[in-house]
Amino acid sequence: MPDLLLIALIAGVLAIDDRAGWQTLLGEPVFSALIIGALLGNVLVALQCGVVLQLAWLSIGAARGTRRPNTVVGGVVGAAATCLALAATPDARASLVVATGVLMGLVAAEAGAFVWRGVGELRDRWLGDFQLPASYPAASRKLAATVVGSALFVGLADFVIVLLLLPLAVSATVFASEHLGKGAAVGAVWWLACVSAIGMASIMRAFSTRWMVRFLAAGAVAVALIGWLR
Amino acid sequence: MTLERSDRLRVLVRLLFIQASLHRKGMQNIGVMHALDAVAPKIAPDPLALLARHAGHFNTNPNAAPIVIGGVLRIEEDGLAVSPAPVSRFEQVACSALAAMGDVLTVGALKPLALTLAVASAIYSSFTGLVAIVVLYNGALLAGRAWGLAFGYARGWGVVEAFTGARVQRVVMLARVLAALAGGALLAVLARRAFAEGLHDLAVIVIATAGAWLAMKRGWNVARLAIVLFPVVVIVAMLVK
(Lines give C-alpha, C1' and ligand atoms only; values in the text may rest on other atoms or scores of the structure.)
Protein backbone atom coordinates (compact mmCIF):
# COMPACT_ATOMS: atom_id res chain seq x y z
CA MET A 1 0.00 0.00 0.00
CA PRO A 2 2.72 2.58 0.79
CA ASP A 3 4.40 1.52 -2.49
CA LEU A 4 1.15 2.09 -4.38
CA LEU A 5 0.71 5.58 -2.91
CA LEU A 6 4.33 6.48 -3.58
CA ILE A 7 4.12 5.21 -7.18
CA ALA A 8 0.89 7.20 -7.75
CA LEU A 9 2.56 10.27 -6.23
CA ILE A 10 5.52 9.88 -8.60
CA ALA A 11 3.06 9.61 -11.50
CA GLY A 12 1.37 12.84 -10.33
CA VAL A 13 4.67 14.71 -10.17
CA LEU A 14 5.75 13.37 -13.58
CA ALA A 15 2.37 14.39 -15.05
CA ILE A 16 2.88 17.95 -13.79
CA ASP A 17 6.29 17.97 -15.46
CA ASP A 18 4.97 16.44 -18.70
CA ARG A 19 1.77 18.43 -19.20
CA ALA A 20 2.16 21.50 -16.97
CA GLY A 21 5.90 22.03 -16.60
CA TRP A 22 8.78 22.32 -19.05
CA GLN A 23 8.86 18.63 -20.08
CA THR A 24 12.17 17.42 -18.67
CA LEU A 25 11.71 14.02 -20.40
CA LEU A 26 11.36 12.30 -16.99
CA GLY A 27 7.72 11.59 -17.83
CA GLU A 28 8.78 9.54 -20.87
CA PRO A 29 8.45 5.76 -20.27
CA VAL A 30 12.17 5.02 -20.51
CA PHE A 31 12.90 7.45 -17.66
CA SER A 32 9.76 6.87 -15.58
CA ALA A 33 10.53 3.13 -15.70
CA LEU A 34 14.04 3.86 -14.43
CA ILE A 35 12.60 5.83 -11.49
CA ILE A 36 9.97 3.17 -10.69
CA GLY A 37 12.57 0.40 -11.05
CA ALA A 38 14.93 2.18 -8.65
CA LEU A 39 12.06 2.61 -6.17
CA LEU A 40 10.98 -1.04 -6.36
CA GLY A 41 14.54 -2.43 -6.49
CA ASN A 42 14.39 -3.98 -9.97
CA VAL A 43 15.83 -1.43 -12.38
CA LEU A 44 16.82 -3.82 -15.18
CA VAL A 45 13.39 -5.40 -15.59
CA ALA A 46 11.63 -2.04 -15.28
CA LEU A 47 13.93 -0.65 -17.98
CA GLN A 48 13.09 -3.55 -20.32
CA CYS A 49 9.44 -2.58 -19.98
CA GLY A 50 10.24 1.14 -20.33
CA VAL A 51 12.28 0.62 -23.51
CA VAL A 52 9.50 -1.30 -25.27
CA LEU A 53 6.86 1.24 -24.21
CA GLN A 54 9.11 4.09 -25.36
CA LEU A 55 9.52 2.41 -28.75
CA ALA A 56 5.75 2.00 -29.02
CA TRP A 57 5.22 5.73 -28.37
CA LEU A 58 8.26 7.04 -30.20
CA SER A 59 6.02 8.14 -33.06
CA ILE A 60 7.27 11.54 -34.06
CA GLY A 61 3.98 12.47 -35.71
CA ALA A 62 0.68 11.44 -34.11
CA ALA A 63 -1.67 9.16 -36.01
CA ARG A 64 -4.51 10.99 -37.79
CA GLY A 65 -7.63 11.56 -35.75
CA THR A 66 -6.36 9.78 -32.66
CA ARG A 67 -6.03 10.88 -29.09
CA ARG A 68 -2.48 10.85 -27.68
CA PRO A 69 -2.16 8.11 -25.08
CA ASN A 70 -1.33 9.15 -21.52
CA THR A 71 2.30 8.01 -21.65
CA VAL A 72 3.04 9.04 -18.05
CA VAL A 73 0.31 6.75 -16.70
CA GLY A 74 1.28 4.01 -19.18
CA GLY A 75 5.00 4.14 -18.36
CA VAL A 76 4.47 4.16 -14.60
CA VAL A 77 1.75 1.46 -14.55
CA GLY A 78 3.68 -0.77 -16.99
CA ALA A 79 6.98 -0.64 -15.11
CA ALA A 80 5.37 -0.89 -11.66
CA ALA A 81 3.12 -3.83 -12.66
CA THR A 82 6.17 -5.66 -14.05
CA CYS A 83 8.28 -5.13 -10.92
CA LEU A 84 5.48 -5.86 -8.43
CA ALA A 85 4.33 -8.98 -10.32
CA LEU A 86 7.89 -10.32 -10.47
CA ALA A 87 8.27 -9.70 -6.74
CA ALA A 88 5.00 -11.58 -6.10
CA THR A 89 5.86 -14.52 -8.40
CA PRO A 90 9.66 -14.90 -8.38
CA ASP A 91 9.54 -18.19 -10.35
CA ALA A 92 7.63 -16.65 -13.27
CA ARG A 93 9.17 -16.33 -16.72
CA ALA A 94 10.60 -12.80 -16.85
CA SER A 95 9.82 -12.36 -20.57
CA LEU A 96 6.16 -13.19 -20.00
CA VAL A 97 5.93 -10.81 -17.03
CA VAL A 98 7.63 -8.00 -19.00
CA ALA A 99 5.31 -8.56 -21.98
CA THR A 100 2.21 -8.51 -19.76
CA GLY A 101 3.56 -5.41 -18.00
CA VAL A 102 4.03 -3.70 -21.37
CA LEU A 103 0.49 -4.70 -22.36
CA MET A 104 -0.82 -3.26 -19.07
CA GLY A 105 1.15 -0.07 -19.76
CA LEU A 106 -0.38 0.28 -23.24
CA VAL A 107 -3.90 -0.36 -21.91
CA ALA A 108 -3.39 2.02 -18.94
CA ALA A 109 -2.18 4.76 -21.31
CA GLU A 110 -5.32 4.45 -23.43
CA ALA A 111 -7.56 4.31 -20.34
CA GLY A 112 -5.69 7.29 -18.85
CA ALA A 113 -6.21 9.31 -22.04
CA PHE A 114 -9.91 8.40 -22.04
CA VAL A 115 -10.39 9.48 -18.40
CA TRP A 116 -8.31 12.62 -18.93
CA ARG A 117 -10.51 13.64 -21.85
CA GLY A 118 -13.51 13.89 -19.50
CA VAL A 119 -11.62 15.41 -16.59
CA GLY A 120 -9.69 17.75 -18.87
CA GLU A 121 -12.96 19.08 -20.25
CA LEU A 122 -13.88 20.37 -16.77
CA ARG A 123 -10.47 22.02 -16.41
CA ASP A 124 -10.82 23.52 -19.88
CA ARG A 125 -14.18 25.04 -19.00
CA TRP A 126 -12.82 26.45 -15.73
CA LEU A 127 -9.80 28.03 -17.48
CA GLY A 128 -11.93 29.23 -20.41
CA ASP A 129 -14.06 31.28 -18.01
CA PHE A 130 -11.03 33.12 -16.62
CA GLN A 131 -11.65 36.87 -16.14
CA LEU A 132 -9.18 39.41 -14.80
CA PRO A 133 -10.42 41.06 -11.55
CA ALA A 134 -10.80 44.84 -11.41
CA SER A 135 -7.76 45.50 -9.21
CA TYR A 136 -4.13 44.64 -9.94
CA PRO A 137 -3.25 42.87 -6.64
CA ALA A 138 -6.36 40.67 -6.99
CA ALA A 139 -5.49 39.92 -10.63
CA SER A 140 -1.95 38.98 -9.65
CA ARG A 141 -3.19 36.63 -6.92
CA LYS A 142 -5.81 35.07 -9.19
CA LEU A 143 -3.27 34.41 -11.96
CA ALA A 144 -0.87 32.68 -9.54
CA ALA A 145 -3.69 30.63 -8.00
CA THR A 146 -5.01 29.61 -11.43
CA VAL A 147 -1.61 28.46 -12.72
CA VAL A 148 -0.76 26.56 -9.51
CA GLY A 149 -4.28 25.11 -9.24
CA SER A 150 -4.29 24.00 -12.86
CA ALA A 151 -0.88 22.30 -12.53
CA LEU A 152 -1.97 20.52 -9.33
CA PHE A 153 -5.18 19.42 -11.09
CA VAL A 154 -3.10 17.69 -13.78
CA GLY A 155 -0.98 15.96 -11.13
CA LEU A 156 -3.98 14.95 -9.04
CA ALA A 157 -5.78 13.47 -12.06
CA ASP A 158 -2.85 11.17 -12.93
CA PHE A 159 -2.33 10.34 -9.23
CA VAL A 160 -5.92 9.06 -9.01
CA ILE A 161 -5.78 7.28 -12.39
CA VAL A 162 -2.62 5.36 -11.36
CA LEU A 163 -4.07 4.62 -7.93
CA LEU A 164 -7.07 2.99 -9.62
CA LEU A 165 -5.33 1.22 -12.50
CA LEU A 166 -2.17 -0.12 -10.87
CA PRO A 167 -3.79 -2.78 -8.60
CA LEU A 168 -5.74 -4.10 -11.61
CA ALA A 169 -2.61 -4.16 -13.75
CA VAL A 170 -0.59 -5.99 -11.07
CA SER A 171 -3.37 -8.58 -10.59
CA ALA A 172 -3.62 -9.17 -14.36
CA THR A 173 0.17 -9.51 -14.70
CA VAL A 174 0.38 -11.96 -11.76
CA PHE A 175 -2.54 -13.94 -13.21
CA ALA A 176 -0.85 -14.16 -16.63
CA SER A 177 2.49 -15.22 -15.15
CA GLU A 178 0.85 -17.95 -13.04
CA HIS A 179 -1.51 -19.35 -15.67
CA LEU A 180 0.21 -19.05 -19.03
CA GLY A 181 2.73 -21.70 -20.06
CA LYS A 182 5.90 -22.00 -22.15
CA GLY A 183 4.13 -21.46 -25.48
CA ALA A 184 2.69 -18.20 -24.21
CA ALA A 185 6.14 -17.10 -23.07
CA VAL A 186 7.44 -17.62 -26.62
CA GLY A 187 4.46 -15.67 -27.96
CA ALA A 188 5.19 -12.90 -25.46
CA VAL A 189 8.75 -12.60 -26.80
CA TRP A 190 7.42 -12.39 -30.39
CA TRP A 191 4.89 -9.76 -29.32
CA LEU A 192 7.60 -7.68 -27.60
CA ALA A 193 9.55 -7.79 -30.87
CA CYS A 194 6.42 -6.61 -32.73
CA VAL A 195 5.94 -3.67 -30.30
CA SER A 196 9.61 -2.72 -30.62
CA ALA A 197 9.11 -2.76 -34.38
CA ILE A 198 6.63 0.13 -34.01
CA GLY A 199 9.55 2.28 -32.84
CA MET A 200 11.68 1.18 -35.78
CA ALA A 201 8.87 2.00 -38.21
CA SER A 202 8.34 5.40 -36.53
CA ILE A 203 11.99 6.33 -36.95
CA MET A 204 12.06 5.19 -40.56
CA ARG A 205 8.90 7.11 -41.38
CA ALA A 206 10.07 10.29 -39.66
CA PHE A 207 13.30 10.39 -41.65
CA SER A 208 12.18 8.84 -44.92
CA THR A 209 12.69 11.94 -47.06
CA ARG A 210 15.32 11.68 -49.78
CA TRP A 211 17.59 14.12 -47.91
CA MET A 212 17.23 12.59 -44.42
CA VAL A 213 17.33 8.92 -45.35
CA ARG A 214 21.06 9.11 -46.16
CA PHE A 215 21.80 10.25 -42.58
CA LEU A 216 19.56 7.51 -41.21
CA ALA A 217 21.54 5.00 -43.27
CA ALA A 218 24.86 6.57 -42.19
CA GLY A 219 23.92 6.17 -38.50
CA ALA A 220 22.92 2.54 -39.05
CA VAL A 221 26.07 1.72 -41.06
CA ALA A 222 28.31 3.42 -38.45
CA VAL A 223 26.87 1.30 -35.61
CA ALA A 224 26.98 -1.87 -37.72
CA LEU A 225 30.65 -1.19 -38.58
CA ILE A 226 31.57 -0.48 -34.96
CA GLY A 227 29.86 -3.71 -33.90
CA TRP A 228 31.61 -5.69 -36.63
CA LEU A 229 35.05 -4.23 -35.77
CA ARG A 230 34.59 -5.05 -32.08
CA MET B 1 16.85 48.98 -19.89
CA THR B 2 14.61 48.96 -16.82
CA LEU B 3 14.48 45.24 -16.24
CA GLU B 4 17.37 43.70 -14.39
CA ARG B 5 18.64 40.16 -14.78
CA SER B 6 16.76 39.06 -11.64
CA ASP B 7 13.50 40.43 -13.11
CA ARG B 8 13.99 38.48 -16.32
CA LEU B 9 14.84 35.39 -14.27
CA ARG B 10 11.46 35.64 -12.52
CA VAL B 11 9.71 35.89 -15.89
CA LEU B 12 11.73 32.90 -17.15
CA VAL B 13 10.81 30.75 -14.13
CA ARG B 14 7.12 31.53 -14.61
CA LEU B 15 7.43 30.77 -18.33
CA LEU B 16 8.57 27.25 -17.46
CA PHE B 17 4.96 26.63 -16.42
CA ILE B 18 3.30 28.31 -19.41
CA GLN B 19 1.68 24.96 -20.34
CA ALA B 20 0.10 24.55 -16.88
CA SER B 21 -2.96 26.62 -17.77
CA LEU B 22 -3.21 25.63 -21.43
CA HIS B 23 -6.84 25.65 -22.58
CA ARG B 24 -8.74 25.62 -25.88
CA LYS B 25 -10.17 29.15 -25.75
CA GLY B 26 -7.09 31.28 -25.01
CA MET B 27 -4.41 28.52 -25.20
CA GLN B 28 -1.38 29.85 -23.22
CA ASN B 29 -2.81 33.31 -22.42
CA ILE B 30 -3.13 32.73 -18.64
CA GLY B 31 0.48 31.51 -18.48
CA VAL B 32 1.61 34.55 -20.46
CA MET B 33 -0.25 36.97 -18.16
CA HIS B 34 1.21 35.17 -15.14
CA ALA B 35 4.75 35.55 -16.57
CA LEU B 36 4.23 39.24 -17.44
CA ASP B 37 2.75 39.82 -13.99
CA ALA B 38 6.22 39.17 -12.49
CA VAL B 39 7.47 42.51 -13.89
CA ALA B 40 4.27 44.35 -14.88
CA PRO B 41 4.56 47.13 -12.21
CA LYS B 42 8.13 47.84 -13.37
CA ILE B 43 7.40 48.33 -17.07
CA ALA B 44 3.93 49.85 -17.14
CA PRO B 45 2.29 52.66 -15.18
CA ASP B 46 -0.93 50.63 -15.17
CA PRO B 47 -0.02 46.95 -14.67
CA LEU B 48 -3.64 45.79 -14.84
CA ALA B 49 -4.05 47.41 -18.28
CA LEU B 50 -0.85 45.66 -19.40
CA LEU B 51 -2.22 42.28 -18.31
CA ALA B 52 -5.55 43.01 -20.02
CA ARG B 53 -3.71 43.73 -23.30
CA HIS B 54 -2.39 40.15 -23.23
CA ALA B 55 -5.59 38.39 -22.24
CA GLY B 56 -6.30 37.36 -25.84
CA HIS B 57 -5.37 34.15 -27.63
CA PHE B 58 -1.67 33.17 -27.37
CA ASN B 59 -0.31 29.99 -28.92
CA THR B 60 3.24 29.04 -29.76
CA ASN B 61 5.77 26.32 -28.99
CA PRO B 62 6.54 26.55 -25.23
CA ASN B 63 10.27 26.58 -25.95
CA ALA B 64 9.83 29.54 -28.31
CA ALA B 65 7.51 31.46 -25.96
CA PRO B 66 10.37 33.20 -24.06
CA ILE B 67 11.50 34.85 -27.33
CA VAL B 68 8.01 36.27 -27.92
CA ILE B 69 7.63 37.34 -24.28
CA GLY B 70 11.08 38.97 -24.37
CA GLY B 71 9.91 40.98 -27.39
CA VAL B 72 6.65 41.89 -25.62
CA LEU B 73 8.60 43.14 -22.59
CA ARG B 74 10.76 45.35 -24.85
CA ILE B 75 7.72 46.79 -26.69
CA GLU B 76 5.79 47.42 -23.47
CA GLU B 77 8.82 48.99 -21.83
CA ASP B 78 9.59 51.27 -24.78
CA GLY B 79 5.97 52.44 -24.75
CA LEU B 80 3.19 51.54 -27.14
CA ALA B 81 3.31 55.00 -28.71
CA VAL B 82 6.64 54.25 -30.46
CA SER B 83 5.61 50.75 -31.53
CA PRO B 84 5.03 50.43 -35.33
CA ALA B 85 1.91 48.30 -34.71
CA PRO B 86 -0.16 47.14 -31.72
CA VAL B 87 1.58 44.68 -29.39
CA SER B 88 -1.16 42.12 -30.08
CA ARG B 89 -0.09 42.17 -33.76
CA PHE B 90 3.51 41.48 -32.67
CA GLU B 91 2.35 38.51 -30.59
CA GLN B 92 0.33 37.16 -33.51
CA VAL B 93 3.17 37.45 -36.04
CA ALA B 94 5.95 36.26 -33.70
CA CYS B 95 3.90 33.34 -32.37
CA SER B 96 3.13 31.95 -35.79
CA ALA B 97 6.69 32.50 -37.06
CA LEU B 98 8.18 30.76 -34.04
CA ALA B 99 5.60 28.01 -33.51
CA ALA B 100 6.60 26.05 -36.61
CA MET B 101 10.32 26.55 -35.97
CA GLY B 102 9.94 25.49 -32.31
CA ASP B 103 7.89 22.41 -33.19
CA VAL B 104 10.32 21.21 -35.85
CA LEU B 105 13.35 21.88 -33.63
CA THR B 106 12.10 20.35 -30.37
CA VAL B 107 9.34 17.89 -31.25
CA GLY B 108 10.81 16.92 -34.64
CA ALA B 109 14.51 16.85 -33.79
CA LEU B 110 15.78 17.41 -30.23
CA LYS B 111 13.23 15.24 -28.43
CA PRO B 112 13.51 12.28 -30.85
CA LEU B 113 17.30 12.67 -30.71
CA ALA B 114 17.29 12.53 -26.89
CA LEU B 115 14.79 9.68 -26.76
CA THR B 116 16.52 7.49 -29.35
CA LEU B 117 19.82 7.94 -27.50
CA ALA B 118 18.01 7.20 -24.22
CA VAL B 119 16.54 3.98 -25.62
CA ALA B 120 19.97 2.91 -26.90
CA SER B 121 21.48 3.69 -23.47
CA ALA B 122 18.73 1.74 -21.71
CA ILE B 123 19.23 -1.27 -24.01
CA TYR B 124 22.88 -1.39 -22.92
CA SER B 125 21.85 -0.61 -19.28
CA SER B 126 23.96 2.54 -19.31
CA PHE B 127 22.59 4.54 -16.39
CA THR B 128 25.33 7.14 -16.85
CA GLY B 129 24.10 7.56 -20.42
CA LEU B 130 20.50 8.04 -19.28
CA VAL B 131 21.46 10.62 -16.65
CA ALA B 132 23.74 12.42 -19.13
CA ILE B 133 20.90 12.62 -21.69
CA VAL B 134 18.48 14.14 -19.16
CA VAL B 135 21.09 16.65 -17.97
CA LEU B 136 22.18 17.64 -21.50
CA TYR B 137 18.64 17.86 -22.89
CA ASN B 138 17.35 20.00 -20.04
CA GLY B 139 20.54 22.07 -19.95
CA ALA B 140 20.13 22.82 -23.66
CA LEU B 141 16.42 23.57 -23.30
CA LEU B 142 16.82 25.85 -20.27
CA ALA B 143 19.80 27.65 -21.80
CA GLY B 144 17.80 28.08 -25.02
CA ARG B 145 14.84 29.54 -23.17
CA ALA B 146 17.05 31.92 -21.15
CA TRP B 147 18.82 33.01 -24.33
CA GLY B 148 15.47 33.41 -26.09
CA LEU B 149 14.10 35.73 -23.41
CA ALA B 150 17.27 37.86 -23.44
CA PHE B 151 17.28 37.91 -27.26
CA GLY B 152 13.62 38.88 -27.51
CA TYR B 153 14.11 41.58 -24.89
CA ALA B 154 17.09 43.00 -26.78
CA ARG B 155 15.41 42.93 -30.23
CA GLY B 156 11.72 43.71 -29.67
CA TRP B 157 10.08 43.84 -33.11
CA GLY B 158 13.36 42.66 -34.68
CA VAL B 159 12.59 39.14 -33.41
CA VAL B 160 10.24 38.48 -36.31
CA GLU B 161 12.81 38.97 -39.07
CA ALA B 162 15.57 37.25 -37.06
CA PHE B 163 13.60 34.00 -37.03
CA THR B 164 12.56 33.93 -40.63
CA GLY B 165 16.14 33.91 -41.98
CA ALA B 166 18.18 31.05 -43.49
CA ARG B 167 20.44 30.74 -40.42
CA VAL B 168 17.59 29.43 -38.27
CA GLN B 169 16.67 26.94 -40.99
CA ARG B 170 20.27 25.68 -40.95
CA VAL B 171 20.16 25.13 -37.15
CA VAL B 172 16.86 23.24 -37.46
CA MET B 173 18.28 21.14 -40.30
CA LEU B 174 21.42 20.32 -38.27
CA ALA B 175 19.29 19.11 -35.36
CA ARG B 176 17.19 16.98 -37.75
CA VAL B 177 20.38 15.48 -39.24
CA LEU B 178 21.65 14.57 -35.75
CA ALA B 179 18.28 13.02 -34.91
CA ALA B 180 18.38 11.00 -38.17
CA LEU B 181 21.90 9.75 -37.38
CA ALA B 182 20.80 8.72 -33.85
CA GLY B 183 17.67 7.10 -35.30
CA GLY B 184 19.78 5.10 -37.76
CA ALA B 185 22.08 4.03 -34.94
CA LEU B 186 19.11 2.81 -32.88
CA LEU B 187 17.75 0.87 -35.87
CA ALA B 188 21.12 -0.89 -36.20
CA VAL B 189 21.22 -1.63 -32.44
CA LEU B 190 17.74 -3.19 -32.52
CA ALA B 191 18.49 -5.15 -35.69
CA ARG B 192 21.77 -6.47 -34.25
CA ARG B 193 20.01 -7.61 -31.09
CA ALA B 194 17.37 -9.42 -33.10
CA PHE B 195 20.09 -11.02 -35.29
CA ALA B 196 21.95 -12.18 -32.16
CA GLU B 197 18.78 -14.04 -31.08
CA GLY B 198 18.62 -15.84 -34.42
CA LEU B 199 17.45 -15.36 -37.99
CA HIS B 200 13.91 -16.23 -36.91
CA ASP B 201 13.74 -13.22 -34.55
CA LEU B 202 15.25 -10.98 -37.21
CA ALA B 203 12.56 -12.10 -39.65
CA VAL B 204 9.83 -11.39 -37.06
CA ILE B 205 11.12 -7.87 -36.45
CA VAL B 206 11.50 -7.10 -40.18
CA ILE B 207 7.96 -8.28 -40.94
CA ALA B 208 6.58 -6.44 -37.90
CA THR B 209 8.39 -3.24 -38.89
CA ALA B 210 6.97 -3.44 -42.41
CA GLY B 211 3.51 -4.05 -40.95
CA ALA B 212 3.81 -1.12 -38.53
CA TRP B 213 5.02 1.11 -41.37
CA LEU B 214 2.00 0.25 -43.48
CA ALA B 215 -0.36 0.74 -40.52
CA MET B 216 1.14 4.18 -39.81
CA LYS B 217 0.89 5.10 -43.47
CA ARG B 218 -2.83 4.35 -43.30
CA GLY B 219 -3.11 6.53 -40.18
CA TRP B 220 -3.91 3.68 -37.81
CA ASN B 221 -3.07 3.91 -34.12
CA VAL B 222 -0.32 1.28 -33.95
CA ALA B 223 -0.11 1.25 -30.13
CA ARG B 224 -3.78 0.23 -29.99
CA LEU B 225 -3.15 -2.31 -32.72
CA ALA B 226 -0.40 -3.81 -30.54
CA ILE B 227 -2.90 -4.28 -27.67
CA VAL B 228 -5.22 -6.26 -29.95
CA LEU B 229 -2.28 -8.24 -31.32
CA PHE B 230 -1.17 -9.57 -27.88
CA PRO B 231 -3.76 -12.34 -27.44
CA VAL B 232 -3.48 -13.26 -31.14
CA VAL B 233 0.31 -13.71 -31.00
CA VAL B 234 0.19 -15.56 -27.66
CA ILE B 235 -2.52 -17.98 -28.87
CA VAL B 236 -0.65 -18.63 -32.15
CA ALA B 237 2.57 -19.32 -30.20
CA MET B 238 0.74 -21.65 -27.80
CA LEU B 239 -0.69 -23.59 -30.74
CA VAL B 240 2.68 -23.76 -32.51
CA LYS B 241 4.59 -24.84 -29.38
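How far apart do the C-alpha centres of domain 1 of chain B and domain 2 of chain B lie? They are separated by 37 Å. Domain 1 spans 5–197 and domain 2 spans 198–241 of chain B, with bounds from an automatic or database domain assignment.

This is a predicted model, in which local features need pLDDT of at least 70, side-chain atom pairs count only at pLDDT 80 or more, and totals for chains, interfaces and linings use all residues. Residues are numbered from 1 along each chain as its sequence is written, while chains are lettered from A and ligands numbered from 1 in the order in which they are written. The complex has an ipTM of 0.91 and a pTM of 0.92 from the predictor. Chain B has a mean pLDDT (the predictor's confidence in each residue, from 0 to 100) of 91, and 100% of its residues reach 70 or more.

The contact between the chains involves 76 residues of chain A and 72 of chain B; two residues are in contact if their C-beta atoms, placed from the backbone, lie within 7 Å. Helix 9 of chain B gives the largest share of chain B's side, 15 residues. Helices are DSSP runs (H or I, at least four residues), numbered from the N terminus.

Ala46(A) also makes contacts beyond its neighbours within four places in sequence. Its partners are Ala33(A), Leu34(A), Ile36(A), Gly37(A), Leu40(A), Ala79(A), Thr82(A) and Cys83(A).

Notes:
Helices (H or I, at least four residues) and strands (E, at least two) are DSSP runs, numbered from the N terminus.
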